[in-house]
Amino acid sequence: MSDSKTTTESLFDEFPPTSTKEWEEVISKDLNGADYKEKLRWDTGEGISPLPFYRRENLSSINRESVIHKQYSDKTHNSWEIRAPIFAHSIEEANKKALQALNRGADGVQFFIHVQRPEGALGGDLRGIPLQNQKDFTDLCTDLSLENTAIHFDAGLASPAVLAMLRNEVNNRTINANNVQATFTYDPFSYILKKGQYPKDKEQIYRHLHQLTDFTTNHFPGVQPLCIDARFYHNTGGTIAQELGYALSAASEYLSILSEKGDNIDDVADMLHFNFSVGSNYFLEIAKLRAARLLWKNLLDAYGGDTNQQVYLHSETSQWNKTLYDPYTNMLRTSTEGMAAAIAGCDAMTVLPFDQHFRQPDEFSQRIARNQQLILSEEAHLDKVADPSAGSYYIEKLTDAIGKEAWKLFQDVEAEGGLFKAIENGTVQSAIHDAQNMRDQQVASRGRTFVGTNQYSNADEEMKDKVENTQHSVSLDTSDTDFDPNTEKLLDDLTTAFADGAQLGDVVPALFNFGRHQITTIAPYRGSLAFEVLRVATEEHSFTPQVLTLPMGDNKWRKARSTFSANFFGCAGYNIEEPIGFENVDAALSEIKEQQPDIVVLCSSDKEYNELVPNICEAIDKLHNRPILVLAGYPKEQVNDFKEAGIDEFIHAKCNVLETLKRFQEKLNITVN
């Protein structure tokens, strides 16, 4: 034993610690004397700029002595609820899919029920699960054990109506309401930002908030009706700092409003839950959710609440970064996102099917989404350790940096008068609009890559016929009876109304005022959409444009620029021909005459362009059907001369790919809707 110990100690003695100074000296040498803190600092676009590495001494300023615990894990240290989203066009189908998901590994189910009115319509639309009345609710929950199954309703401001239906169902089954675990997504902030109007006047909203908390406290202690839907800020293109900062502002607004109405802070806190989207920015997303728990403690402390009271964090895979083309890559994205959420310590997770944004998810895509979580827990064992990333210098510093940036943004919102006021003033919308512009520019110039869409696309892939209407909706039903719920006792009256046969359409006026837009709006979108619109336009055009590359001269340059050109035009869905090379202009011209391409791309070195450009331009100008002539590269000194010679476009690594492709679509008379 002693010999083994001695051997071990001697082994480690051979590897003495390396100081930070020594590391920095090596880095400086590799960078030819440049300061790595400037040269290698990562501009994340998320409100923080971390260094490439951190060491133990970097954590000395972070006052954190233990792991970041969570309250709702009841199986192992880091277990989470595997939540299955249910996509269906009928109540019967939704019930069947929910039972299948629960029998195949899910712990809970998530139903989408969205009430909205298209501009100018008289009635209302119901999208998602067509839940209209109490019978529908009973049919939806058939064979679902409400005492043993977590059930979640993504119903927005229609949540009070669905909560009333839940109350009737529990009463009818005569089960113990204390055992019911459910969440609802009542969030007036995201509604106002999306719709541009208050659903009711402010005082009525305040009353609804109070009644929701009072009703659930009295009847459903395991139900959380008030949501901070941070998914909205993420999926509209906001940064991580904005997503977290505005989420904290929403939570603060709830605590402020309800404490002023006499509600206990700790009771209110127990009614709240956060819904976060998780993107593919792996380490930053881990840090975001960890920072959320720390900021929650700060917020409770500021309101005099119990700082030991944990917050419920639900994570859902991002919709902003999902693509239409090469859609199976979305499964890789959701795997990264799910792993980040699990390591960060979410309480519940929804992995959206890879195809849910362009068609009704089928059995395969829903099974894969569910199994991704099962692999993370059952095979990767990410549920076995509390706060798995604790102690990682890099993640701890990111957690601290993101938390500070979000807290600063939160303080700015508070100084403006709170989140309602910041939305009314357009401050939130303006900040997110700036983030959108930044992200869109990154995507357009390929500073941010969507594999299969703005980089490495499959030019032969066609998707337009695979796109379905994902916004399936039905009209809201109404009955012949006049139901007019009293806003002073909204939940009780809704419960009675549905028990007496009310339809959802009967009670919508008590929840919404469909008025005119009075507030600046922002809307969710997908970052890849602009490229996809170009690509679909190409598919719908009467012919597919043909691109012929002309690799000439230096082997290294011509191959690299030919490959670049094929990738460039592949993003628009053009057909690409990439010959190995041409010995001279006559050989290239002969191929052009035979192929009759719409676009030809000269691919060579900047040095050789001086001789090649005049000759190729002169030859192509004599053709009866002259193609668009493109040069791969951007030799600054010769650009004007080359334009005069006959080069129509230049494509290169620093150009705005999206805008350039739009110009080609125009020249080819391809209509982009």
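I start with a charge over a ring: the charged end of Arg535 sits over the ring of Tyr325, 4.3 Å from the ring centre. The rule is that NZ of Lys or CZ of Arg lies within 6 Å of the ring centre and within 35 degrees of the ring normal. Lys667 also has its charged end over a ring, that of Phe664, 5.8 Å from the centre.

Before going on, the basis. This is a predicted model, where local features need pLDDT of at least 70 and side-chain atom pairs count only at pLDDT 80 or more, while totals for chains, interfaces and linings use all residues. Residues are numbered from 1 along each chain as its sequence is written, and side-chain values use heavy atoms, with hydrogens and water left out.

Next, aromatic pairs. Rings of Phe, Tyr and Trp (its six-membered ring) pair if their centres lie within 6.5 Å; planes under 30 degrees apart count as stacked, over 60 as edge-to-face, the rest as tilted. By this rule there are 27 aromatic pairs. One of them is Tyr36 with Phe53, stacked, at 5.6 Å centre to centre with 25° between the planes. Tyr36 belongs to helix α3 (residues 36–39) and Phe53 to the loop between α3 and β1 (81–86), so this pair ties together parts that are 17 residues apart in sequence. Helices (H or I, at least four residues) and strands (E, at least two) are DSSP runs, numbered from the N terminus. Tyr36 counts as buried at 8% relative accessibility, and Phe53 as partly exposed at 23%. The cut-offs are under 20% relative accessible area for buried, over 50% for exposed, and partly exposed in between (1.4 Å probe, protein chains only).

Tyr282 and Phe283 give an edge-to-face pair, 5.1 Å centre to centre and 70° between the planes. Phe283 is partly exposed, with a relative accessible area of 39%. Ring pairs also link Phe189, Tyr198, Tyr206, Tyr254 and Phe420 into a cluster.

That loop between α3 and β1 also holds Leu59. Its C-alpha atom is 9.4 Å from that of Tyr394, 335 residues away along the chain. Not counting residues up to four places away in sequence, Leu59 touches Tyr393, Glu396 and Lys397, where contact means heavy atoms within 4.5 Å.

Now a strand. In β5 (residues 182–186), 5 of 5 residues are buried. Which residues cover each face of β5? Ala182, Phe184 and Tyr186 lie on one side, Thr183 and Thr185 on the other, and all are buried. In a regular strand the side chains alternate between the two faces of the sheet.

Strand β4 (residues 150–154) runs parallel to β5, joined by 3 bridges; strands pair if DSSP finds at least two bridges between them. Ile151 stands opposite Ala182. From β4 the chain crosses through α6 to β5, a right-handed β-α-β crossover: with the strands pointing away from the viewer, the path from the first strand over the helix to the second runs clockwise. Strand β6 (residues 223–229) is also parallel to β5, with 3 bridges, and its Gln224 is the bridge partner of Thr183.

Last, helix α18 (residues 490–499). Its buried residues are Leu490, Leu491, Leu494, Thr495, Ala497 and Phe498. After α18 comes Gly501, with a positive phi near 100°.
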